[in-house]
Amino acid sequence: MLLVFALTQVVIPFEVEKGTRKVEIYYSPDGKDWYPVGVYRYPFISSSIKDTFRWVVKGEPPKGGIRIKVVAYFSGGEVKEKEVKDIEVKVEKDAESGYYCHRRKTVIDSSDTLYSWRMLGYDAQHTGYYPFPLYPPLELRWEYGKPHPEYGSPDYTMVSACAGNGMLYVRSDWTHCINWVVALDIETGEEVWARELTSNVWTCALSAGDSLLFVGTSIGWDTLSPTFYCLDAFTGDVRWSKFLHTVEFSPIVVETIVYAPNLYGGTLTAISLRGNELWRRRGGFHETPSFYEGKIYGGDENCALLSLNAWTGNFLWAYEIEEWIMSKMVSSSMVIFSSLREKLYSIDERRGTLIWKVDTFPTLILSSKGNAVIGAQEYWLVQDSVLNVVLRRFDGETGEMVWADTFYGRYTGIGSITITSNDLIWVSGDWIFAFDLDSGQMVYQSDSVGTPASFLSATDYFPILYKRNLIAAHRGKIFVFEGNDTFVDPYNISGVYVYPEVFDREVNIRVKADEVRVYDVLGRERAVLSGERDFFGYLNLRWDGKDKEGKEVPSGVYFLVGHDEDLIRRGKVIRLKRR
């Protein structure tokens, strides 16, 4: 007989004031003890907005009711908290509760583990370096993100995912509910298996070898139900589970130990792959830790970068600053991190001493390959309507800036940065962008990803890469693109960006050049396009497919050549006229 359980949906509205950098949601069963349920981070708030947090929990709420409060942290250091009275609590029947559906078996590729382990969010140093190539252009394979008729999107703003075994592991959309984790076939998007857990699913991370999947969730009503699960990555079966309070930020797995952070006091717990707790340390580990040569690094609102012995949890050193520690990574023998006010620090990982500091070029999001350190800054060019992103490369040894490039982010901005072995920097937002690591030049921009919403759409843990796939998120949806793992056509990454690449009536051209000349396949010059460069040195043109005499050019391939001082930038476009 099928057992029927209850599933409770809690809708928590709140206002985000100007200057807010982080909002924490707390739950109390009695009004005395408060437990964190989840966190939203805000890169910049220029005017007050309204937002909503959705909390899904197995079982019925306590008979005495529930209490919710919102704690807001501001860029100036101010903290405000407010109990929320107008929450919506809806209890539904949950016929699937306690069960998982196993749709079909996936085909396991024995070479698969080479590709999936070193991904952003799961690479233990957090360099964002993916040691395999990916070349544009990208083609959208499938998307995932069924909305709820009442509650809207499944919201991937603060959710992380991972890929391996031919599958993508991520929070379910509303096909099930957001307290389910699903495995999706990376080729088709078809569901392979799904598993219901205690509450909101936040993070998924694979063990080395990809046989184990670690999943973190929010707390349940009793504040004792499991919030950290070890699942069989192939079937979704539960190997073991533990109560670690809310686990929103990704764990890392090093050899036979998984290091799981939680929101309750910023506690880091080291657990063996068999589920035995090895050590626990409270304070400084609300977010994902980093690992390098037997040391664990953490740091958050406690304003100190911490170094611990990875095997014992013993304290090694601390480097203190006067503001929050934000993104961090370990590159060679340096721990590089950014602060709340977007200053950049490099610390000797052995001694905990300062190597260099950059406070003249605001930088927040980080990635690196070798000696190249990549950072990004986002800002409003026009308040609440035009968002730009500055991408910068720094010398890892000295902190000197090598280059900077600014591009239009529209409303979303970017969440994280990934670098591939073919020296391309990949970022995602309202579009997918690729930049050349050596020059900083944009070499690719996709068609629009999702429907523009607001800067709150920025996702912290995407893109991630898997074989020839780039996986992006746009608040309510996951997008899986396929690129190339070999250098196919040099015109696609040459410095002249065109969209669409195949056009009928008009094509948009973006290039750093004074003018663009159009040639046919016989080398004849058909058109000369010119205009004024924008603030960032780009020429933004629109070609209507007419030659110098105003006549329509026929269908075919056309080559674009732009001159920028001593540089020649080349590209191509295909005209396909419809009858």
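Buried means under 20% relative accessible area, exposed means over 50%, and partly exposed lies in between, with a 1.4 Å probe and protein chains only. By this scale Asp237 is partly exposed, with a relative accessible area of 31%. This is a predicted model, in which local features need pLDDT of at least 70 and side-chain atom pairs count only at pLDDT 80 or more, whereas totals for chains, interfaces and linings use all residues. Residues are numbered from 1 along each chain as its sequence is written, and side-chain values use heavy atoms, with hydrogens and water left out.

- Strands are DSSP runs (E, at least two residues), numbered from the N terminus, and two strands pair if DSSP finds at least two bridges between them.
- Strand S40 (residues 469-473) is largely enclosed by the rest of the structure, because five of its five residues are buried.
- Side chains in a regular strand alternate between the two faces of the sheet.
- In S40 both faces are covered: Asn469, Ile471 and Ala473 are buried on one side, and Leu470 and Ala472 are buried on the other.
- Strand S39 (residues 464-466) runs antiparallel to S40 and is joined to it by three bridges; Tyr466 has Asn469 of S40 as its bridge partner.
- The hairpin of S39 and S40 has two residues between the strands, and Lys467 in the turn has a positive phi of about 55°.
- Five bridges pair S40 with strand S41 (residues 478-484) in the antiparallel sense, and Ala472 stands opposite Phe479 in S41.
- S40 and S41 also form a hairpin, with four residues between them; Arg475 in this turn has a positive phi of about 50°.

**An open four-stranded sheet**

- An open sheet with antiparallel pairing is formed by four strands in the order S23-S24-S25-S26.
- Strand S23 (290-292) and strand S26 (315-320) are the edge strands, each pairing on one side only.
- Within the sheet, the antiparallel strands S24 (residues 295-298) and S25 (residues 304-309) are joined by four bridges, and Tyr297 stands opposite Ser307 in S25.

**Salt bridges**

- The structure holds 32 salt bridges, each defined as a side-chain nitrogen of Lys or Arg within 4 Å of a carboxyl oxygen of Asp or Glu.
- Glu83 and Arg67 meet through their side chains in a salt bridge (2.8 Å, N to O).
- This pair links distant parts of the chain, 16 residues apart: Glu83 is in strand S6 (residues 79-84) and Arg67 is in strand S5 (residues 67-74).
- Glu83 is partly exposed at 25% relative accessible area, and Arg67 is partly exposed at 33%.
- A salt bridge also forms between the side chains of Asp237 and Arg195 (4.0 Å, N to O).
- Asp237 lies in the loop between strand S17 (228-232) and strand S18 (238-242), and Arg195 lies in strand S14 (residues 191-196), 42 residues apart.
- Arg195 counts as buried, at 11% relative accessibility.
- In the salt bridge of Arg533 with Asp514, the closest N and O atoms are 3.0 Å apart.
- A network of salt bridges links Arg141, Glu187, Arg468 and Glu482.

**A buried threonine**

- Thr269 is in strand S21 (residues 267-272) and counts as buried, at 0% relative accessibility.
- Not counting residues up to four places away in sequence, Thr269 touches Leu244, Val258, Tyr259, Ala260, Glu277, Trp279 and Arg280, where contact means heavy atoms within 4.5 Å.
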